[in-house]
Amino acid sequence: QTNTTLPELAAALLERDDFVICGHVSPDGDCIGSQLGLMHALRSLGKRAVCLLAKDEPIDVRLAFLPGADELAPAATYAGPASTFVAVDVPMRDRMNSAAARLLDACDFSVTVDHHAFDERMSDLAYVDPDTAATTMLVWELAGLMGAERGAELATCCYTGLVTDTGRFQYQNTDAAALAAGAAMVEAGADPAAVARHIFQNRSLPSVRLEALAVERMRFGAGGAYALSWVNRADFEDTGAVKADAEPIIDALRSLRGVRVACMLRDQGDSVRGSFRAKDGTDVAALARTMGGGGHKAAAGFTLPGSMDAAVERVSALLSDALDTGERGA
Ligand code: 5GP
Ligand code: MN
Ligand code: MN
């Protein structure tokens, strides 16, 4: 779906003056980091740039420290000028929500900068590199190509996306390029310890309590090759947790010895939201696609209509099927 190069993309952006920058629903560190990073880069070039939330939802409070985060506003209520739409960390309309998609259609030029492998192309110009660990690495490079100021604000936003999407430089996408980019961002003023304090040493008590419930009801299958758990609506009420508080739980499951694939399910009322993480060569994006979802080979997600009980049964069967037979990966 890529139809341009980063230098070409940089040149196209330099020709324009008014930007709206959008990401995906339930924005993570890479999404918000890419949006705000690109905003700072464009503004340093004297351009108008605003960052919009695909959906009217609160961002993870742990990301609120990012410079410019206080300016984030929902796409649905945006009434300002928009001529160029930039989608970051999101490959398709489905992951953006209708308000953002309408804005995309209303703009006279659109651009995608992303690292999700996906067949659809929604923008005039798209640069998509699935081998890049984080979208913020592309934003960082793009900023350099545009001659933007690569100062501490941009560096902090980009480093945050990189450290979250690589799971603190632990996941399979961590390579020399990711570490080199991280080093460059730190040289430019990103503070790794400060970012880590904001993101990783900053969990809410309800989040840890929610994790305790999930760990308690954890299920294993395929001889311990997968771990599966879930959180219900009642769990959120009982602990006082909010949606973002559920996000770190899957790391507890994947950290277990012998576990090759971890799965967390979250009750959304009439549907169930699921996440997969793979520690071996299992392609969990392919598994997620069989349920209408997608993502990266080692980190993917999906949404299943129906009850939690039905989702647990379906996903257990799928994982047993995928992991029971044969040996696999590292
Ligand atoms: P998470 O489990 O953190 O929600 O998502 C993990 C990865 O899978 C992210 O890179 C995300 O973009 C992708 N992903 C999550 N849910 C979906 C989905 O429903 N569809 C697609 N195509 N990708 C998803
Ligand atoms: Mn990303
Ligand atoms: Mn993301």
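Mentor: Begin with the contact between the parts. This is a predicted model, and nine residues of domain 1 are in contact with 12 residues of domain 2.

Trainee: Where do domain 1 and domain 2 run in the protein?

Mentor: Domain 1 covers 6-199 and domain 2 covers 205-324. Their C-alpha centres are 27 Å apart.

Trainee: How much area do domain 1 and domain 2 bury between them?

Mentor: The size of an interface is often given as the accessible area lost when the parts come together. Here domain 1 and domain 2 bury about 790 Å² between them, and 34% of that is on carbon and sulfur atoms.

Trainee: How many residue pairs are in polar contact between domain 1 and domain 2, and how many salt bridges cross the interface?

Mentor: Seven residue pairs are in polar contact between the two domains, counting pairs with both residues at pLDDT 80 or more. Two salt bridges are found across the interface. Glu247 forms a salt bridge with Arg62, with 3.1 Å between the closest N and O atoms. On the side of domain 1 that touches domain 2, the residues divide into one nonpolar, four polar and four charged.

Trainee: How many salt bridges does the structure hold?

Mentor: The structure holds 11 salt bridges. One of them joins the side chains of Arg48 and Asp18, at 2.5 Å from N to O. This pair links distant parts of the chain: Arg48 is in strand β2 (residues 48-53) and Asp18 in strand β1, 30 residues apart.

Trainee: What coordinates the manganese ion (ligand 2)?

Mentor: Asp30 (OD), Asp89 (OD), His115 (NE2) and Asp165 (OD) coordinate the manganese ion (ligand 2), at 2.1 to 2.3 Å. The spacing of these donor residues in sequence is D-x58-D-x25-H-x49-D. Asp30 lies in helix α2 and Asp165 in helix α5 (residues 152-165), so this pair ties together parts that are 135 residues apart in sequence.

Trainee: Which residue bridges the manganese ion (ligand 2) and the manganese ion (ligand 3)?

Mentor: Asp89 bridges them, and the two ions lie 3.7 Å apart.

Definitions and conventions. Residues numbered from 1 in each chain as written. Chains lettered and ligands numbered in written order. Predicted model: local features only at pLDDT ≥ 70, side-chain atom pairs only at ≥ 80, totals over all residues. Heavy atoms only, no water. Domains from an automatic or database assignment. Contact = heavy atoms within 4.5 Å. Buried area = accessible area lost by both parts, 1.4 Å probe. Salt bridge = Lys/Arg side-chain N within 4 Å of Asp/Glu carboxyl O. Polar contact = N/O pair within 3.5 Å; in protein donor to acceptor, adjacent residues only side chain to side chain. Nonpolar A, V, L, I, M, F, W, Y, C, P; charged D, E, K, R; others polar. Donors = N, O, S within 2.8 Å, 3.2 Å for Na, K, Ca; no water. Helix = DSSP H or I, 4+ residues; strand = E, 2+ residues; numbered from the N terminus.
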